[in-house]
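Welcome! Here is a short tour for anyone meeting this structure for the first time.

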Amino acid sequence: MADLLYIEASPRKERSHSIALAREFLRAARDARPALTVDTIDLWKEELPAFDGATIEAKYAVLSKQPHTPEQARAWEAVQRIIERFASAPVLLFSVPMWNFGVPYRLKHYVDLVTQPTLTFRFSPETGYEGLVVNKRAVVIYSSGGDYSPGSGNPRPDYQKPFFEAWLRFIGINRFDAITVAPTIAPDGQVGSARAVALTQAAKLAREYFEVQS
Ligand SMILES: Cc1cc2nc3c(=O)[nH]c(=O)nc-3n(C[C@H](O)[C@H](O)[C@H](O)COP(=O)(O)O)c2cc1C
């Protein structure tokens, strides 16, 4: 089991702001804890099974406590393997770009695969929905071309953070920290200073997570 699972959602690699921030977090985390072990899921390289009819029927069968057909059982096994890896590390690190006001579709695909009854949440008519991914912390690094912070006067909606954080809470991850690098599409000086602030925040947060308290 790794100490940290890093889930990377930008395909822009060396040009990506969210990845640069995640790398800075990891650099400072390793500085603070040299033995830190990291598992990385690059959502642009990872083979994700289609979230198709069989997977959905497998999910509904679990919800309604029905047995799986062989096809549904195969789909469910694939989902279980993905969730095993997702649930294994005590700390999750996400780099999350804004795409069309929300998140990149590869990340949404991953979220759909991971959000499964009995594995990451449960439901009962008496108690409602309950997240099962407990005892875990997450760090989320958001990037967006525009500035969506309160007071920015941005007339466009932000479905990136509200969606992602509602999802974290839904599956039981209530302890998370977020860092935003924005705007990333703006005059150079503005991008540079937003990025410098976020890099400092990332290093500081990594020390808070991984420095041994004396
Ligand atoms: C397909 C696509 C859609 C985008 N949609 C938005 C958007 O709705 N709002 C915004 O502010 N920026 C948008 N951007 C700009 C990205 O948020 C910006 O380039 C950000 O830095 C991407 O993260 P990254 O640098 O980590 O790849 C979009 C970029 C792409 C590629």
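This is a predicted model: local features need pLDDT of at least 70, side-chain atom pairs count only at pLDDT 80 or more; totals for chains, interfaces and linings use all residues.

V91 has R137 as its bridge partner in strand 6, while L4 has V38 as its bridge partner in strand 2.

Now for the wider picture. Five strands make up an open sheet with parallel pairing, and their order is 2-1-3-6-7. Strand 2 (38-42) and strand 7 (175-181) are the edge strands; each has a single partner strand, so one side of each has no neighbour in the sheet. From one strand to the next, the twist averages 15°.

The bridges can be followed from strand to strand. Strand 1 (residues 4-8) is joined to strand 2 by five bridges, and the two run parallel. Five bridges also link strand 1 with strand 3, again in the parallel sense. Between strand 3 and strand 6 there are seven bridges, and this pairing is parallel too.

How many of the seven residues of strand 3 are buried? Six of them are, so to speak, under cover: strand 3 is mostly covered.

## Helices across the sheet

Helix 1 (residues 17-32) lies across strand 1, strand 2, strand 3 (91-97), strand 6 (137-143) and strand 7, and runs at about 155° to strand 3. Helix 5 (residues 160-170) lies across strand 3, strand 6 and strand 7, running at about 165° to strand 6.

## Around the ligand

Which residues come nearest to the ligand? Of the 17 residues around the ligand, these are S18, P97, G145, G146 and T184. Helix 1 supplies the largest share of this shell, with three residues. By type, the shell holds six nonpolar residues, ten polar ones and one charged one.

## The two faces of helix 2

Helix 2 (residues 53-63) is worth a look from its end. A54, T55, A58 and K59 are buried in helix 2. Viewed down the helix axis, the buried residues fall within an arc of 140°, so they line one face of helix 2. Those buried residues pack against helix 3 (70-86).

The face turned away from the buried side carries the exposed residues G53 and Y60. After helix 2 comes K65, with a positive phi near 55°.

Definitions and conventions:
Residues are numbered from 1 along each chain as its sequence is written. Two strands pair if DSSP finds at least two bridges between them. Helices (H or I, at least four residues) and strands (E, at least two) are DSSP runs, numbered from the N terminus. Axes are lines fitted to C-alpha atoms, for helices over the stretch in contact, and angles run from 0 to 180 degrees between N-to-C directions. Two residues are in contact if their C-beta atoms, placed from the backbone, lie within 7 Å. A residue is near a molecule or strand if its C-beta atom, placed from the backbone, lies within 6 Å of it. Ala, Val, Leu, Ile, Met, Phe, Trp, Tyr, Cys and Pro count as nonpolar, Asp, Glu, Lys and Arg as charged, and the others, Gly among them, as polar. A residue is buried if 20 or more other C-beta atoms lie within 10 Å of its own, exposed if 12 or fewer, and partly exposed in between; C-beta atoms are placed from the backbone. The arc is that of the directions from the helix axis to the C-beta atoms.
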